[in-house]
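Please examine the structure below with care.

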Amino acid sequence: MKTSQEISRILKDSGVSLFTTLPCEKVKHLYSLICQDFRHVGLSREEEGVGICAGAYLARAKPAMLVQSSGFGNMANALCSLTKTYQLSLLILVSWRGVYKEKVPAQIPLGKRLPRVLEALDISYSALESHDDLPQIGEAAREAYSHNTIQVVLISPNLMENEEGSLPRIEAAGGGKIPPIPGRAKMRPSLTRFEILKTIAPFLEGKIVVCNLGMPCRELFKVAHQKSNFYMLGSMGLASSIGLGISLFTRRQVVVIDGNGSLLMNLGSLATIAREKPPNLTILAIDNGVHGSTGNQPTATMHQADLELIARGAGFKKTFKEAEPKQLLSTLQGLGGGPSFVHILTKPGDADLPYLPLSPIEIRDDVIEAITG
Ligand SMILES: Cc1ncc(C[n+]2csc(CCOP(=O)(O)OP(=O)(O)O)c2C)c(N)n1
């Protein structure tokens with residue numbers, strides 16, 4: 001954790017007084033340290049952080065963000081129309097994907113071009129590629145806070161490659177107890193996402209399945225691969241929207257396997273789906289309370305947010321909350337016409353599985369053939 005510790009120390013010396021964050025697997029140690037060392041707000045969507053930091057700046061704080069390069073894409077308008085327009089200070093540390101030993105093709109198009117995007121937006125940046133570059137963080141912070149500018153620091157994964165040591169586990173958020181939202185406390189989830197996917201594999205067979213990015217895709221591939229599975233490789237937060245788009249143009253049953261962190265990033269999609277009322281769409285919101293794919297950082301569903309209630313509030317008429325396999329299967333079998341929203345509570349935890357052996361084009365062509373063939 002040496003590099004992360006040094007970064008955290010530089011940030012402290014620079015006077016950062018608020019961190020808003022959304023995790024990336026490549027900087028999970030730094031993320032944990034920042035949660036410990038700074039006043040910290042975990043975000044549902046990166047763009048939200050730009051607003052929080054703007055408000056904090058107005059109240060004389062020194063705000064900073066830690067996000068993934070893909071998340072920077074979610075922030076561009078807010079940065080230009082808020083932070084830049086009002087000349088507010090903001091330091092942004094970016095986990096720079098797509099440039100070093102990248103295994104996820106969806107990270108490459110934006111990650112590789114991020115320096116050019118920043119130049120086009122006229123946002124200053126520096127790139128950290130070796131330990132010797134770390135002092136640039138302090139310089140960026142000084143520049144941001146003394147001249148009311150946005151300063152981006154790109155952190156290449158090679159800098160974090162040798163970070164090791166255990167992360168603070170999930171207990172950090174819930175004191176080791178079953179998380180306190182009413183549904184969770186009552187239902188005491190005992191299965192992991194992988195076990196749930198194994199349980200529902202027969203229900204998914206023959207349906208068009210849109211699967212949330214990261215670990216869920218690897219697990220689904222292992223237990224229920226079929227050509228009608230659309231495996232997301234990026235575009236976090238869009239699983240249910242992709243499912244809606246498909247469902248509007250097919251009579252086939254469409255099932256979305258969404259995640260709590262991802263749904264929180266795009267809650268408005270639930271209101272859109274409830275308004276469109278596709279009868280052939282089922283959303284399975286697998287809620288492990290954390291951003292599982294990036295190292296189990298707790299989300300708001302670990303604390304208080306209840307996705308089933310949110311779906312109801314968005315206008316879904318058929319909503320369910322399940323944690324136990326038999327009851328879940330019987331609910332799925334009895335669904336009837338949708339749209340339906342099934343909130344599935346699980347424990348955190350991922351299976352240890354390799355990256356998908358499929359290219360984006362293979363995934364696309366298989367799904368098109370499954371839908372239209
Ligand atoms: C815009 C954006 N921000 C952050 C990430 C990094 N990321 C990939 S998967 C993931 C967690 C998804 O959490 P959740 O939807 O709860 O699913 P889980 O992995 O827990 O099943 C994150 C934060 C990303 N890919 N894109």
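In this predicted model, helix H14 (residues 268-276) and helix H16 (residues 307-314) have axes that come within 8 Å and cross at roughly 50°. The crossing of the two helices is right-handed. On the side of H14, the contact is formed by Leu270, Ala271 and Ala274, while H16 contributes Ile310, Ala311 and Ala314. Sorted by class, this contact has 6 nonpolar residues, with no polar and no charged ones.

The next element is an open sheet of 6 strands, arranged in the order S8-S7-S9-S10-S14-S13 with parallel pairing. Strand S8 (229-231) and strand S13 (318-322) each have a single partner strand, so they stand at the edges and one side of each is left without a neighbour in the sheet. From one strand to the next, the twist averages 15°.

Within this sheet, strand S7 (residues 208-211) pairs with strand S9 (residues 254-259) in the parallel sense, over 4 bridges. Val209 has Val255 of S9 as its bridge partner. Helix H12 (residues 239-247) packs on the sheet and touches S7, S8, S9 and strand S10 (281-287). The direction of H12 makes about 170° with that of S9.

Finally, the chain as a whole may be considered. Its domain assignment gives domain 1 (2-159) and domain 2 (178-372), whose centres, taken over C-alpha atoms, are separated by 30 Å. Contact between them involves 14 residues of domain 1 and 15 residues of domain 2. The side of domain 1 that touches domain 2 has 6 nonpolar, 4 polar and 4 charged residues.

Methods: Residues numbered from 1 in each chain as written. Predicted model: local features only at pLDDT ≥ 70, side-chain atom pairs only at ≥ 80, totals over all residues. Domains from an automatic or database assignment. Contact = placed C-beta atoms within 7 Å. Nonpolar A, V, L, I, M, F, W, Y, C, P; charged D, E, K, R; others polar. Axes fitted to C-alpha atoms, helices over the stretch in contact; angles between N-to-C directions. Left-handed = near helix turned anticlockwise from the far one by under 90°. Pairing = 2+ DSSP bridges.
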